[in-house]
Amino acid sequence: MAIELKISEVKMSAEQSGKWGMVIDQDICTGCQACVAACAMENNISFVGEVDSGYGRSMHWIRIERFWEGEYPEVKMTANQPMLCQQCGHATCEPVCPAFATVHSQAEQLNLQVYNRCVGTRYCANNCPYQVRAFNWRDYKRPEPLSNQLNPDVTVRRVGVMEKCTFCIQRIHKAQDVAKSEGREVVDGEFTTACAQACPANAITFGRVDDPESLVSQLMKQSHGVKHLEELGTLPNVTYFKGG
Amino acid sequence: MIKRLIDWLKKPLGLIAVGIAFLALFSLAAYGISLTQTAPAQPVQFPHKTHVGFGIQCLYCHPGAAKGPSAGIPTEAKCWGCHNQIQKTQTSALLQPLKDSVISGVPLQWVPVAQVADFVQFNHRAHVAAGQNCENCHGDMSKVTVAENPQVFNMGFCLKCHQTVAGDNHELLVKLTDCGTCHY
């Protein structure tokens, strides 16, 4: 009985593409970094400062990647590429954690990071092909007025803990809570992630991928959608549009 | 030197000394544990049992429990709404801090009793909506003076109830035992 259940779960994860998904249109992304700032505000992300940033310890859950094509002087910049946790259906970070701190949420189909379990081996970050995990190398101090803008719905992480994009799971829970208190289901577009909300060009769309009527599902049907490093079998839940 | 000490400890006087040292350490540890189990000191010795005895509902003073994550602690204005009509408020020494607070406008600094760790996201509304009564977690308030915890709020306590409530409903069990339901 127990083995049968396990097999059916594996089948489900391979067939089902996930619950929450995102579509990012690189053609209309201007690279303004509003999503990066909004994410840091929403999720209590520390500001590491100049010195640690120089060591490559800067902490972002979303970043704008830039690439160049051609040789100098004929250099051409390609479209800006916002990179965040792809919330893989078959994540490479999950099986390597010795403390089971990065687990797959069966209810929300997201990759979770359980901060109180994390012991800081950094194995997950080294195994992530998208390099989207951030490690707290220090307890970064927040100057006095800044501590007042901490989001009470999100844990303030301490030193030695790995963290990453959660698809704003606190907003997912809040929307579900509000919907439940009003006796209805969560409506598509009722809420969105901080990055999608802040994007002035509306390049980011967030929603349910298992609902064929949602805006994200409609957009994903377009033929020029690309999922990054899909060949690794990670089943990412973020679709990118480029050169549409 | 050490050999002489061991020899002395083996004598009756030495054995008594070891016994006393052991008892002292044990009672210190017991005292330390008991400190973590006692309710913190409050600015006013608020008698929950008196208020519950008058038939005041929990949600009258802690209305946040039905609406959102935090149950909330009432402001002095809410206390004063009833207490300014009560003769005893003017004379009682125990209620002096409340009177001072209302006159000066400096809020009373209540100490939170029922707390969960920073990495736990608790929502009262969901629990009240699911039909849980306040006393299931906070104990019978008609029996205590200053609020105290009937048990430690740890994950075992939460999960035990979550599993019982979910029962055979597999979908609900997945939701209620998911890490991401409380930790994010």
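Where in chain A is A:L235 found? A:L235 sits in the loop between strand 9 (225–226) and strand 10 (238–241) of chain A, with helices (H or I, at least four residues) and strands (E, at least two) taken as DSSP runs numbered from the N terminus. Before we go on, please note that this is a predicted model, in which local features need pLDDT of at least 70, side-chain atom pairs count only at pLDDT 80 or more, and totals for chains, interfaces and linings use all residues. Residues are numbered from 1 along each chain as its sequence is written, chains are lettered from A and ligands numbered from 1 in the order in which they are written, and side-chain values use heavy atoms, with hydrogens and water left out.

**Backbone features in the loops of chain A**

- A:L235 is not a glycine, yet its phi is positive, about 50°.
- At 36% relative accessibility, A:L235 counts as partly exposed; buried means under 20% relative accessible area, exposed over 50%, and partly exposed in between (1.4 Å probe, protein chains only).
- A:F167 also is not a glycine and has a positive phi, here about 55°.
- You will find A:F167 in the loop between strand 7 (162–163) and helix 5 of chain A, and its relative accessibility of 1% makes it buried.
- A:Y72 and A:P73 are joined by a cis peptide bond with an omega of about 5°.
- A:P73 belongs to the loop between strand 3 (68–69) and strand 4 (76–77) of chain A.

**Helix 2 of chain A and its cover**

- Helix 2 (residues 34–42) of chain A has these buried residues: A:C35, A:V36, A:A38, A:C39, A:A40 and A:E42.
- Their cover includes strand 2 (62–65), helix 5 (169–181), helix 6 (194–198) and strand 8 (204–208) of chain A.
- After helix 2 of chain A comes A:N44, with a positive phi near 55°.

- A:S105 lies in the loop between strand 5 (81–84) and helix 4 (123–127) of chain A.
- Its relative accessibility is 0%, so A:S105 counts as buried.
- Leaving out residues up to four places away in sequence, A:S105 touches A:L110, A:L112 and B:D178; contact means heavy atoms within 4.5 Å.

**Chain B as a whole**

- Chain B has 13 helices and zero strands.
- The radius of gyration of chain B is 24 Å, well over the 16 Å that the globule rule gives for 184 residues, so chain B is more spread out than a compact globule; the radius is taken over C-alpha atoms, and the rule is 2.2 Å times the number of residues to the power 0.38.
- Along the principal axes, the C-alpha atoms of chain B fill a box of roughly 75 × 60 × 30 Å.
- Of the 184 residues of chain B, 21% count as buried.
- Among contacts in chain B with a separation of 6 or more, 57% come from residues 24 or more positions apart.

**Helix 11 of chain B and its surroundings**

- The 12 residues of helix 11 (residues 155–166) of chain B should span 16 Å at 1.5 Å a residue, and the end C-alpha atoms are 16 Å apart, which agrees; the expected span is 1.5 Å times one less than the number of residues.
- B:G167 follows helix 11 of chain B and has a positive phi near 60°.
- B:N154 is placed in the loop between helix 10 (135–138) and helix 11 of chain B, and at 41% relative accessibility B:N154 counts as partly exposed.
- B:N154 and B:C79 are 75 residues apart along the chain, and their C-alpha atoms are separated by 32 Å.
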